[in-house]
Amino acid sequence: YKLSVSPEMDIMEYCRKEWRGNTPAARRMRKGYEAVAQKFASIRRIRGDNYCAFRATLFQALSQATQLPRWLQSEDFTMLPENLLSKYDWIKQWQLRQKPGKGMGEIRDEIKEYLILLRQKWKNISEIKSPLEKQEACDKLFKNEEEEYSLYEALKFLMLNTAIELYNADKSGKRVPVFSWLLFARDTSSNPCQLMQNHLNHIGHSGGLEQVEMFLLAYALQYTIQVYRLYKYSTDEFITLYPNDPEEDWPVVTLITEDDRHYNIPVNMCQETML
């Protein structure tokens, strides 16, 4: 049994353990970790199983949640599966985790359950006032495999909904963010149906999130995802924001990656950076 989110470890101690050699890559990683250590004291390792971008983002969002996001409060939030399935017949090809080939009604009901669970967990954790208790509640949630993976299914469905909205907005001549063009410029995802079949259905099974899908996740959650990309140290892309022109009122979560495939999380902001 693997922990989904490992306990805190001193960030430079972690770096020394992982990057001992004297290759240019190891030196760059050490410099990158030193830069992160100016802002954060510790790191928590995220279990790597193709869900790590979801896991790291959601863990950070819940850890600092003080209220339910607006989009989670809306009346019709849990009606999303019903509304989308009534308009787009192809959504019945949605791959439920470990349950391929489900009927339309089952897909609708299961995804609705996942969305209700997401709202309930977010609400419960955001109402906890004590930082220590909030952290304990997050740790407990991410030790419950059944609930944890149900939440990732909810996130995937929210990404699909966001993709459909962006695609329709673009087709009707409205302004859409640049990443949306890139998302649908791929041979494998020229429309939301292909995006679902060739990408979203595979997340967590045979692959993780690609760069352009990190933007989609950020838009679906209405969060800015700030990522320290350690292998890009000393370039403009060392700290990358998804989206790169975030809305001012979106909360920010911070992740660390060494390769754009696996994500860990920095924790405990250093005191002087909090002034």
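Reply: Here it is, and please keep in mind that this is a predicted model.

Me: What makes Thr 162 count as buried or exposed?

Reply: The label buried is given under 20% relative accessible area. Thr 162 has 9% relative accessibility, and therefore it counts as buried.

Me: Which residues is Thr 162 in contact with, leaving aside its neighbours within four places in sequence?

Reply: With those neighbours set aside, Thr 162 is in contact with Leu 216, Tyr 219 and Ala 220. Contact here requires heavy atoms within 4.5 Å.

Me: What is the volume of the largest pocket, and which element gives the largest share of its lining?

Reply: The largest pocket has a volume of about 520 Å³. Its lining has 20 residues, and the closest to its centre are Gln 60, Ser 63, Gln 135, Val 267 and Asn 268. The elements that give two or more residues to this lining are β2, α3, α7 (131–141), β5 (252–257) and β6 (263–269), and the largest share, five residues, comes from α7. By class, the lining has eight nonpolar, seven polar and five charged residues.

Me: Why is a space called a cavity and not a pocket, and how many cavities of 30 Å³ or more are found here?

Reply: A cavity is a set of points where a 1.4 Å probe fits but cannot get out, whereas a pocket is an open set. A search of the whole structure finds one cavity of 30 Å³ or more, and the largest cavity has a volume of about 40 Å³. The largest cavity is lined by Leu 3, Ser 4, Val 5, Arg 44, Asp 139, Phe 142 and Lys 143, which divide into three nonpolar, one polar and three charged residues.

Me: Which residues does UniProt place under "active site", and how do you know that they gather at one spot?

Reply: The unreviewed UniProt entry places this feature at Asp 49, Cys 52 and His 262. These residues span 214 residues in sequence, yet no two of their C-alpha atoms are more than 8.9 Å apart, so they gather at one spot.

Me: Why is Cys 52 called buried, and what is it in contact with?

Reply: The limit for buried is under 20% relative accessible area, and Cys 52, at 4% relative accessibility, therefore counts as buried. Cys 52 has its place in helix α3. Leaving aside neighbours within four places in sequence, Cys 52 is in contact with Ile 46, Arg 47, Arg 261, His 262 and Tyr 263, so that one of its contacts, His 262, also belongs to the UniProt feature.

Me: Where is Asp 49, and which residues does it touch?

Reply: Asp 49 is in the loop between β2 (40–44) and α3 (52–63). Not counting residues up to four places away in sequence, Asp 49 touches Arg 55, Tyr 149 and Gly 204. A polar atom of the Asp 49 side chain also lies 3.1 Å from the backbone nitrogen of Tyr 51, and this distance is within the 3.5 Å set for a polar contact.

Note on methods: Residues are numbered from 1 along each chain as its sequence is written. This is a predicted model: local features need pLDDT of at least 70, side-chain atom pairs count only at pLDDT 80 or more; totals for chains, interfaces and linings use all residues. Side-chain values use heavy atoms; hydrogens and water are left out. UniProt positions are given in the numbering used here, feature names are shortened, and annotations may be inferred rather than shown by experiment. Helices (H or I, at least four residues) and strands (E, at least two) are DSSP runs, numbered from the N terminus. A polar contact is a pair of N or O atoms within 3.5 Å; within protein, one must be able to donate a hydrogen and the other to accept it, and residues adjacent in sequence count only if both atoms are side-chain atoms. Buried means under 20% relative accessible area, exposed over 50%, partly exposed in between (1.4 Å probe, protein chains only). On a 1 Å grid over the protein atoms alone, a cavity is a set of points where a 1.4 Å probe fits but cannot get out, and a pocket is an open set with protein on both sides within 12 Å along at least five of seven lines; lining residues have an atom within 4 Å of a point. Grid points are joined across faces, edges and corners, and a volume is the space filled by probe spheres set on the points. Ala, Val, Leu, Ile, Met, Phe, Trp, Tyr, Cys and Pro count as nonpolar, Asp, Glu, Lys and Arg as charged, and the others, Gly among them, as polar.
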